[in-house]
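Subject: Structure handover

Hello,

Here is the structure I said I would pass on. My notes on strand pairing and aromatic contacts follow below it.

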Amino acid sequence: VQSIMPPKCKGNGKRKGAAPPAPKPAVARAVPVPYRLRPKAASSGSNGSTTTIEKSKPEFPPLPICPATFRDTERLETGPLRHALVVAEPPRPAEAWRTFLDGMLTTFDMIRNGIVVLPEGAIVEPGPCDELHPAVKELMIVAEAHDVVIVGGSMVETDAKKPGQSWNTCPVVGKTGLLGSYRKRMLGSLDGMKARETASNIGIFNTPAGRLGVLICLDIEEDMLLLETASSCDVIANPAHIPYVPAGLWEHAVQPVQRRLQWWARACGVTILRSDPRPPAGMGTSMAITPCETFLGTEARSSIIQVVMPTNQKRQQLLSWHVARMRTEPLDNCGASFTVVAQEAGSYGDHMGIESLPYFTDSGLELRSCPQGFAVHRASNGCLLHVLPLPEPVTSIVKGGGDLAATYLFGKNFAVRSVAGKQWRISVRHNNVDVSFEELFAEYPPSDEARLFWEAAACPRSTSRQGCLLSSPASPAATGLDSAHGHSVDDTEHVVRTQTGSSTHVEAHGLELQAAIGQDSASIAVQLCSEIQGLAHELMACVQQLNSVVEGQAK
């Protein structure tokens, strides 16, 4: 835009003939655009049209609708347990890491081929990421002495051939030496497209502990990076660093991270080991998440989380009743899970009841000790319902878990103790809603939500939908449930209870429930709609009667 110069003015005190200064251009204000509103990357198709590249997510498996039976034993066993240590210590020099890790591994006496994960920025010495680096050399000595795989957090990698450039790099060390390294790709929260286009290889390493993937901090927040890594490994190590905020609460920092990683661990069937430095070096959002369990530290300043990870690939979910309602946010619809928090013995005080195992509950469950940790069985027939892997076998259980107002025997928290005196507090959640331990494995559907999910799949084809919905959950004869197995007694029981290997399943999307049972799904939907319409008409009639009564009283 060509500016128009103002006319010269006489008597303004300026030197004659001097041109006045040009007007200043308007300042352009940079308005930040939220990440969720940023335009998607576009690519041209073969016909010249523009297509949008969307972030891909795994298809979340349908949620279970009832507890396990004898047919599910293979899906409940843990297999050989793989040990791991999540270390949330602040950065330190190479020799200090060797001293600390050597003493820690000697104390915990880990089984061979375990995994140790350090936080982001753990290595303070910059330089090339090779076996001559001082920190890598010290980690190699520890890994060889204790036969473990060490994910060395991250370091500032430099290259003499490329002066001025540096990378945030994670070395992976085993007993045979440096197994490889991975460079962080998400250097900022808005680097998603740059991260996907980078030439850095995917961080997958063949280790004695299995196929191990590495994602550094923000890398795990990018769906594409997380999906490509989870598709190629069994365990993902996530060295991270969340800056410490003194005014923030540790629980508020942990919950959103746990919520996201729990959904992805369940959807992809992987275990995620996250290490974040304890305060004040970081926020301490360290955790270990399997498809069925979440392991947390006692508090924000916990420096070590000891974890045992199942290796059975068929163990992808916790089989239980559908206790909680479907949530509006998709990340919350992750099914049932246990949260395990390590504690010191005697944390609940002497007023809580301590019972030795095996222990029989009033709701028909038998709690047993097992080599893997802790097992839940059906007392009536001994059917295995779940195995909770713990670092040590447990010998006793602490009822109530500090929740004296709980309705059920164990409430929403309880604790277990080992022979060595170690104690773990266990809480139960379904769709990120706190529920009771006994609700998950009850002999009959414990809620209307669970009953509706079951009846949507378990009603025989010859049974009318209306008669099925009106059945009483307390009567095995009315609901078609076998009290010993928790199953429908008709011929369709082996194809309606879970999603694996079955052409008949129940899928929940948002607030809608779709029942797919052979050719009857359409008729069931029609019957449900007619029932809803009938209830609506009855409600309208009641409202009209109420209005007439109110008008009569007013007159």
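Two strands count as paired if DSSP finds at least two bridges between them; helices (H or I, at least four residues) and strands (E, at least two) are DSSP runs numbered from the N terminus. This is a predicted model, in which local features need pLDDT of at least 70 and side-chain atom pairs count only at pLDDT 80 or more, while totals for chains, interfaces and linings use all residues. Residues are numbered from 1 along each chain as its sequence is written, and side-chain values use heavy atoms, with hydrogens and water left out.

Strands E18 (residues 359-360) and E19 (residues 365-370) run antiparallel, joined by 2 bridges. They form a hairpin with 4 residues between them, and Gly 364 in the turn has a positive phi of about 90 degrees. E19 also pairs with E20 (residues 373-378) in the antiparallel sense, over 6 bridges, with Cys 370 opposite Gly 373.

There are 7 aromatic pairs (ring centres of Phe, Tyr or the six-membered ring of Trp within 6.5 Å; planes under 30 degrees apart are stacked, over 60 edge-to-face, the rest tilted). Trp 97 and Phe 100 have ring centres 6.1 Å apart and planes at 75 degrees, so this pair is edge-to-face. Trp 97 is buried at 2% relative accessible area, whereas Phe 100 is partly exposed at 21% (buried is under 20%, exposed over 50%, partly exposed in between; 1.4 Å probe, protein chains only).

Phe 414 and Phe 437 are also edge-to-face, at 5.0 Å and 65 degrees.

Regards
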